[in-house]
Amino acid sequence: MTWTTDNQKALMLFSGRAHPELAEAVADELGIKVTPQTARDFANGETFVRYEESVRGSDAFVLQSCPFPLNQWVMEALIMIDALKRGSAKRISVILPFYPYARQDKKHRGREPISARLIADLLQTAGADRIITVDLHTDQIQGFFDGPVDHMHALGQLSDYVRQSYGTDNIAIVSPDSGRVRVAEKWADALDGAPVAFIHKTRDPMVANQVVAHRVVGEVEGRTCVLIDDMIDTGGTIAGAVSKLKDAGAGDVVIATTHAVFSDPATERLANCGAKEVIATDTLPIPPEKRFDNLTVLSIAPLLAQTIREVFENGSVTSLFDGIA
């Protein structure tokens, strides 16, 4: 008597409840369906998840975005991973388009946590084998997870949109602070060597966390300035940078960001800061009440779908960035 088995992997995509529209868009790009599940909250706030199909032996991809209330969605992701591990999934890849707690990546003073590392530990303990994320706040977060981390970049989608909408002849790439100049240089390379500038902040050493002066370092006069950042939370820093660029004689100012956190009062600030356009991706859901007339939202689903396909087929994720990643 002989036994034959079908050992081909099965790709299964699972979606948390934070951003189901993105999961559906990724599924459409892949030509598959999001795996059905039951997910609900008990009266005391506990989360329950059960998958409606067998996950045994699957190559499972869990997509969970983390908007407000962030902690609820982090916990839901951990529970989803645990359910897959106990359901005998072969490999569990967690897609976090916006990595939670990324700004807490180091200690600034004593008795502070490194919460970004804690998130990585929680994911690994729950059963995650791999993390896929987009535009981490700092690159070193990749080292917090003891396993493969695919750090994807939205620069391609954002810079292509800027090129098509504004050209490259008279633009400048502007970092809102000196810490993101290296990212600005990558933008410049993608846009035919555009000049780079940044906003220099001078602080009063006697007053904690208070900026007392700004000045623009770099040539921006008469140019269309592309002001870049990985995320916009309340919008105060970016709105202030737009004002300083205008004072320095810049022409139009275009804001480009990957993660539209848009905590209040970001929408009001961005709509009234004087920027010609705000470009963001949909790594986080942007509900109607947070949208405004000059906001453009680009889909990150094609990039995530391509990444899933390369991981599933044991291909090269780096190839998605022409070898630069």
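Buried denotes a relative accessible area under 20%, exposed over 50%, and partly exposed the range in between (1.4 Å probe, protein chains only). The model is predicted, so that local features need pLDDT of at least 70 and side-chain atom pairs count only at pLDDT 80 or more, whereas totals for chains, interfaces and linings use all residues. Residues are numbered from 1 along each chain as its sequence is written, and side-chain values use heavy atoms, with hydrogens and water left out.

**View A. The pair formed by Phe 262 and Phe 292.** Rings of Phe, Tyr and Trp (its six-membered ring) pair if their centres lie within 6.5 Å; planes under 30 degrees apart are stacked, over 60 edge-to-face, and the rest tilted. The ring centres of Phe 262 and Phe 292 are 6.2 Å apart and the planes stand at 40 degrees, so this pair is tilted. Phe 262 is buried at 1% relative accessibility, and Phe 292 is buried at 12%.

**View B. The pair formed by Phe 42 and Phe 48.** Three aromatic pairs are found in the whole structure. In the one between Phe 42 and Phe 48, the centres are 6.4 Å apart and the planes at 65 degrees, so the geometry is edge-to-face. Phe 42 is partly exposed at 40%, as is Phe 48 at 27%.

View C. Thr 296 is buried, with a relative accessible area of 18%. Leaving aside residues up to four places away in sequence, Thr 296 touches Tyr 161, Glu 277, Val 278, Ile 279 and Ala 280, contact meaning heavy atoms within 4.5 Å.
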